[in-house]
Amino acid sequence: MADLPKPEELAQIDHSPSLHKGLLGWMDTPVQIRPGIALYAGKPQSLEYVGMPNPREWNPMDEDWKLPENWKEIILEGLRERLDRFRSLKVFMDICVRCGACADKCHFFIGGGDPKNMPVLRAELLRSVYRKEYTTAGKIMGKIAGARELTYDVLKEWWYYFFQCTECRRCSLFCPYGIDTAEVTIIGRELLNLIGLNVDWVAAPVANCYRTGNHLGIQPHAYKDMIDFFCEDIEEVTGIRPNPSMNRKGAEILFITPSGDVFADPGTYTAMGYLILFHYLESLGLDITWSTYASEGGNFGFFTSHEMAKRLNAKMYAEAERLGAKWILGGECGHMWRVIHQYMDTFNGPADHLEAPVSPITGTRFENAASTKMVHITEFTADLIKNNKLKLDKSRNDNLVVTYHDSCNPARGMGLLEEPRYVIRNVCNHFYEMPENTIREQTFCCGSGAGLNAGEDMELRMRGGLPRANAVRHVHEKHGVNMLACVCAIDRAAFPDLMNYWVPEVDVTGVHEMVGNALILDGEQERKTDLRGEPLPGMEEEEDV
Amino acid sequence: MNFVVSIVFSGAVVTLLVLIPLVGVWAFDLRVLFGIVIPYAAVATFFVGLVAKVVGWGRSPVPFRIPTTAGQQWSLPWIKANRIDNPKGNGGVVLRMVFEVLLFRSLFRNTRMEFRNGPRITYEFEKWLWLFALLFHYAFLVIIIRHLRFFTEPVPFFVTVLEKLDGLMQIGIAPFTGFQLPGLFLSGLALLAAVGFLFLRRLISSQMRHISLPGDYFPLFLIGAIGFTGILMRYLLKVDIVAAKELTMGLVSFQPTIPGNVGVLFYIHLFLVSVLFFYFPFSKLVHLGGVFLSPTRNLSNNSRAVRHVNPWSYPVKTHTYDEYEEEFRDKMVEAGLPVEKAPEQPEGEASEEETGEKE
């Protein structure tokens with residue numbers, strides 16, 4: 001693992017490609033794969049488990065990537081096939097005018113300065129090959145027409161840069177034609193996977209998810225243990241022990257959340273928040289079950305190929321059908337919600353075995369989810385709060401000065417902006433927004449999404465997260481913000497490292513952790529600490545005793 | 001591409017394109033070729049090429065509903081949804097596309113990243129690209145409409161009105177009026193100014209220099225040359241406008257004629273325009289059609305409410321619950337989790353496989 005430079009060193013960033021590099025031209029600037037930026041290669045057993053091509057040990061730092069002999073043929077055939085299948089790709093390959101509006105919108109370019117991380121150039125990596133193979137001008141005029149041969153070096157460049165994109169779609173927002181680099185990256189990665197070029201941090205979770213139902217490879221008994229453990233912790237704090245059910249047939253609602261919530265802090269506290277909420281609602285008529293088979297909301301298949309995304313996503317509907325649930329409630333997660341909102345029904349629907357979601361507590365019918373039959377938990381909770389169904393003590397979160405990070409996918413692939421804010425405003429007293437160019441639809445990525453949340457690429461992650469951290473620091477200095485709230489498991493996994501690096505005074509929470517802290521359970525004991533075991537406001541003294 | 005090579009190459013090609021009709025008409029008197037054959041071929045190429053392009057795009061389906069949402073979704077009735085930037089239905093999509101196509105709404109969002117040491121990053125006001133892009137396209141549109149004068153008889157009233165408006169600003173101000181020069185059209189100057197801005201932007205900004213291809217400089221130079229020759233013809237080296245119209249009316253009525261007295265400058269102008277028409281379908285200029293077909297803009301964000309169908313969807317292999325329970329049944333039973341099938345007999349030591357847990 002490469003040594004991570006200090007923040008002061010990392011912050012020396014040059015955004016002007018030098019004249020020298022300009023004279024050489026980006027097409028002729030060979031790729032240099034750097035440790036700290038590149039990820040480890042996918043392991044053969046991960047690929048084998050799900051039947052993906054060319055499983056083998058290989059190392060991106062090596063000269064030889066052990067590709068099949070006809071790799072070029074496979075890629076070009078794959079590209080042709082995808083041009084025929086995706087209008088998005090076909091149009092995006094043709095219409096970019098290189099106006100450069102996207103150039104300084106990418107968090108990786110802002111934090112790193114590598115010109116090939118300008119979204120326009122990332123797409124040109126693929127576009128140049130498209131021109132060479134599929135346009136007359138490109139075939140005849142070559143580089144003059146912006147076309148170039150797909151060589152081994154170009155292929156390596158693809159791999160290096162398609163795994164430096166988090167598919168956050170911020171560039172797409174600013175593009176006058178809506179050209180979506182996420183679409184280019186998704187399809188680019190799909191092509192690379194045809195010849196076994198992947199990264200371990202995507203391939204292993206995919207294999208795990210396929211086998212055990214979740215990315216972390218948590219087996220059913222261990223999953224149940226983790227939930228039991230949370231219930232114990234909740235009992236310690238509140239005096240009440242929730243009694244969640246797992247894999248229970250006949251439950252009205254199936255709950256699915258990213259497995260990160262049951263495995264890694266601070267996501268675990270968010271999971272406790274869900275448990276407290278569900279326990280609270282039980283007496284009001286909530287009939288909900290968790291599942292160990294569909295124990296993953298996230299979908300790393302989406303970072304592999306459309307097909308793999310569909311294969312992993314299939315579990316959600318299958319499990320809901322097996323259990324006889326009426327609809328599905330989904331936890332806080334980013335790309336999970338892009339997949340659910342924009343893909344799931346198309347992938348694996350129609351879910352005729354389910355019913356249009358109706359909140360059993362408020363009677364609200366979620367018309368916006370009438371076909372997919374899956375509701376986001378902040379939509380569900382916001383509706384509860386609006387209908388005065390929750391007794392909340394905001395002051396329990398008074399130690400927190402909160403800002404909210406819009407996760408890329410719910411923001412730009414769904415439009416979930418107000419629901420989480422409404423919940424936050426109702427569970428805490430101190431909430432401040434980051435500057436407007438960095439939130440809502442213009443939100444900046446955590447820098448670790450789309451399968452980049454590994455350890456070996458820490459420099460890349462710290463660079464990619466810089467714009468977000470910069471905005472957090474702004475509100476930290478201006479308003480004393482000490483807590484970064486989010487609705488994404490990758491955020492919760494990535495931000496602690498990022499904050500620690502750039503803004504160490506700020507901690508990270510899920511929205512439902514704060515709900516869990518504020519919610520007043522019937523018959524609970526006087527709470528002295530929050531779910532993290534830290535003293536509540538005014539309880540610091542007693543804690544010392 | 002190296003930007004010096006790109007610029008020199010594009011400049012050289014445009015120079016050559018000026019010389020070809022100059023030599024062709026002057027030295028070889030190829031008026032039929034440059035006045036009739038090439039313009040017809042160019043227009044035919046343009047239409048056939050553009051239609052083929054759009055049909056080609058249209059042939060590829062839109063398997064998934066992937067709008068880029070730029071505002072609040074429609075969810076709970078008491079949360080105000082953004083009907084334009086996050087359209088729920090087709091009405092919103094139409095509005096979104098109207099704003100996009102006519103006002104370049106996405107480009108209007110543009111900001112400029114300022115990076116200072118610390119680091120401190122801010123996002124500053126940057127509407128110049130939007131402004132000049134808008135100026136460029138609308139100036140072009142006005143010029144095209146004004147040119148309808150050459151293809152209609154009588155000239156429709158809107159063309160005359162537009163000409164008046166276009167010339168309005170200059171009446172009485174232009175120092176040339178005394179020299180019996182026609183009133184200056186704003187659109188021509190605006191076009192050249194915008195072309196100048198768009199070129200300088202590519203040249204001055206190191207990022208732009210880095211990403212620009214010959215295919216970015218060439219159309220700018222070509223359009224600049226078209227505008228320049230047009231202005232030259234109108235104000236300085238005047239051509240016989242009556243003869244010119246005779247030629248253009250001949251073209252549009254499919255009774256082509258070559259009047260003897262149109263100046264060579266006219267042929268140069270016409271040839272450059274023809275080249276633009278030829279070039280159009282094979283270049284980035286097809287964004288004219290593509291902008292309407294971009295799935296991140298022209299789809300409503302209702303994929304949870306209404307099912308979107310993927311025409312090439314195919315069945316995939318999944319890991320079923322039965323396979324899952326088969327592997328973990330004993331552990332599930334031991335943990336008190338319900339199972340579909342009771343375990344047959346104790347299997348002794350189940351293999352405890354490494355799961356490769358990630359943090």
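1. A quick word on terms: two residues are in contact if their C-beta atoms, placed from the backbone, lie within 7 Å. Helices (H or I, at least four residues) and strands (E, at least two) are DSSP runs numbered from the N terminus. This is a predicted model, in which local features need pLDDT of at least 70 and side-chain atom pairs count only at pLDDT 80 or more, while totals for chains, interfaces and linings use all residues. Residues are numbered from 1 along each chain as its sequence is written, and chains are lettered from A in the order in which they are written, with ligands numbered from 1.

2. Do have a look at helix 1 and helix 9 of chain B. Residues of helix 1 of chain B, among them Ile7(B), Val14(B) and Val18(B), meet residues of helix 9 of chain B that include Tyr217(B), Phe221(B) and Ala225(B). This contact divides into 11 nonpolar, 3 polar and no charged residues (Ala, Val, Leu, Ile, Met, Phe, Trp, Tyr, Cys and Pro count as nonpolar, Asp, Glu, Lys and Arg as charged, and the others, Gly among them, as polar).

3. Chain B brings 89 residues to the contact and chain A brings 107. Helix 1 (3–26), helix 9 (214–236) and strand 1 (111–116) of chain B are among the elements that each supply at least two residues of the side touching chain A. That side of chain B comprises 44 nonpolar, 30 polar and 15 charged residues.

4. Chain B has domain 1 (3–293) and domain 2 (316–342), with bounds from an automatic or database domain assignment. Their C-alpha centres lie 64 Å apart.

5. Over in chain A, Val206(A) touches Ser46(A), Phe300(A) and Leu312(A), among others, not counting residues up to four places away in sequence.
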